[in-house]
Amino acid sequence: MRVRWLGWAGVELEAGGESLVIDLLGEPEGVLEGSGLSAPLPKVVRPHTEGDVLAGLCTHLHRDHTDAAALARTLRPGAPVLHPGSFGGDDHENLWLLKADGELTARRLPRRTVAPWETVTLGPFTIAAVPAVDGIGDPQVSWAVEAGGKRVIHLGDSMFHGYWWRAAHRYGPFDAVLTPVNGPALCFPHCLPPSPYPGALDARQAAVAARLLGAKAVLPVHYDGFHVDGVYHTEPDELSRFLDAAAGEPYEVLTPALGEDLTL
């Protein structure tokens, strides 16, 4: 299996002549469109197999993890977009889901909701939806993917939770864990009063989560992206802080350049 980091949380997986993308972000400037916010944007690159990708996996329907325009450009005709199902609720509860959800509908992309612990086989890939916890209570899964005898798990931007041991037992050992490391503090208008705890794994939490998952190697993602004072607050040197936190761990840390191929 080949793994390619595409920027932010985006990843391309290749095996058996086919490819998947996970949390593809093709147009960072669209993430904050209409929000009245401005921020430095993450650098991204396009998949090598653009236009012929077997499926798009989305850990959750936030616009920085579900980019309908990029998916439409990247997927082959009829290829599905897999994502977790809705929790219900009104537009207030679902404020940060509406944009990506509406864009997927407008693009008429085939969609398949996948329940927690459900397994799907597509081409050479066996894909399992592992329960995860979103920082503001929106539906989220992690994707465990196996192909060619190799196993990876992509943690999206999950916060710390207690499913690590179950995931390791059911789908491990993992040749690579792709984990967020930026640990943002969130203050969104529909989630007040705000929580002081990280809305996605921070450096120390990510280092521990990877250990609990039995990682052979860890690829940090979801860093060097957004920072909006008072709304989406991160601390500087996100990658360096993770490298320090993981220094004594039993796994290898992989830090490929943007778009670089890694063969597991």
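**Close-up 1. Salt bridge between arginine 151 and glutamate 146.** Arginine 151 is partly exposed, with a relative accessible area of 24% (buried means under 20% relative accessible area, exposed over 50%, partly exposed in between, with a 1.4 Å probe and protein chains only). Its side chain meets that of glutamate 146 in a salt bridge, 3.5 Å from N to O (a side-chain nitrogen of Lys or Arg within 4 Å of a carboxyl oxygen of Asp or Glu). Glutamate 146 is partly exposed too, at 31%. The model is predicted: local features need pLDDT of at least 70 and side-chain atom pairs count only at pLDDT 80 or more, while totals for chains, interfaces and linings use all residues. Residues are numbered from 1 along each chain as its sequence is written, and side-chain values use heavy atoms, with hydrogens and water left out.

**Close-up 2. Further salt bridges.** The whole structure holds 16 salt bridges. One of them joins arginine 63 and glutamate 103 at 2.9 Å, N to O. Arginine 63 lies in the loop between strand S4 (55-57) and helix H1 (68-74), and glutamate 103 in helix H2 (residues 98-107), so this pair ties together parts that are 40 residues apart in sequence (helices, H or I of at least four residues, and strands, E of at least two, are DSSP runs numbered from the N terminus). Arginine 63 is buried at 7%, whereas glutamate 103 is partly exposed at 22%. Glutamate 50 and arginine 46 form another bridge, 3.3 Å from N to O; glutamate 50 is partly exposed at 28%, and arginine 46 is partly exposed at 49%. A network of salt bridges links Arg2, Arg4, Glu12, Glu14 and Asp261.

**Close-up 3. Glutamate 238, a buried charge without a salt bridge.** Glutamate 238 is in helix H5 (residues 238-245). The residue is buried but has no salt bridge, and the nearest side chain of opposite charge, arginine 241, is 5.1 Å away (Lys and Arg count as positive, Asp and Glu as negative; His and the chain ends are not counted). Beyond its neighbours within four places in sequence, glutamate 238 is in contact with Val181, Asn182, Tyr223, Asp224 and Gly225 (contact means heavy atoms within 4.5 Å).

**Close-up 4. Cysteine 187 and cysteine 191.** The count of disulfides is 0 (a disulfide is a pair of cysteine sulfur atoms within 2.5 Å). The cysteine sulfur closest to that of cysteine 187 belongs to cysteine 191, at 9.3 Å, which is too far for a bond. Cysteine 187 is partly exposed at 26%, and cysteine 191 is partly exposed at 22%.

**Close-up 5. Phenylalanine 125 in the largest nonpolar core.** The largest nonpolar core has 54 residues, of which Leu13, Leu57, Phe125, Trp143, Val145, Ile153 and Phe242 touch the most other members (a core is a set of buried Ala, Val, Leu, Ile, Met, Phe, Trp, Tyr and Cys residues joined through side-chain atoms within 4.5 Å). Not counting residues up to four places away in sequence, phenylalanine 125 touches residues including Leu13, Leu54, Val120 and Val145.

**Close-up 6. Aromatic pairs.** The whole structure contains 7 aromatic pairs (rings of Phe, Tyr and Trp, the last by its six-membered ring, with centres within 6.5 Å; planes under 30 degrees apart count as stacked, over 60 as edge-to-face and the rest as tilted). Tryptophan 117 and tyrosine 171 are stacked, 6.2 Å centre to centre with 25° between the planes. Tryptophan 117 is partly exposed at 23%, and tyrosine 171 is buried at 15%. Phenylalanine 226 and tyrosine 232 pair edge-to-face, at 6.4 Å and 80°.
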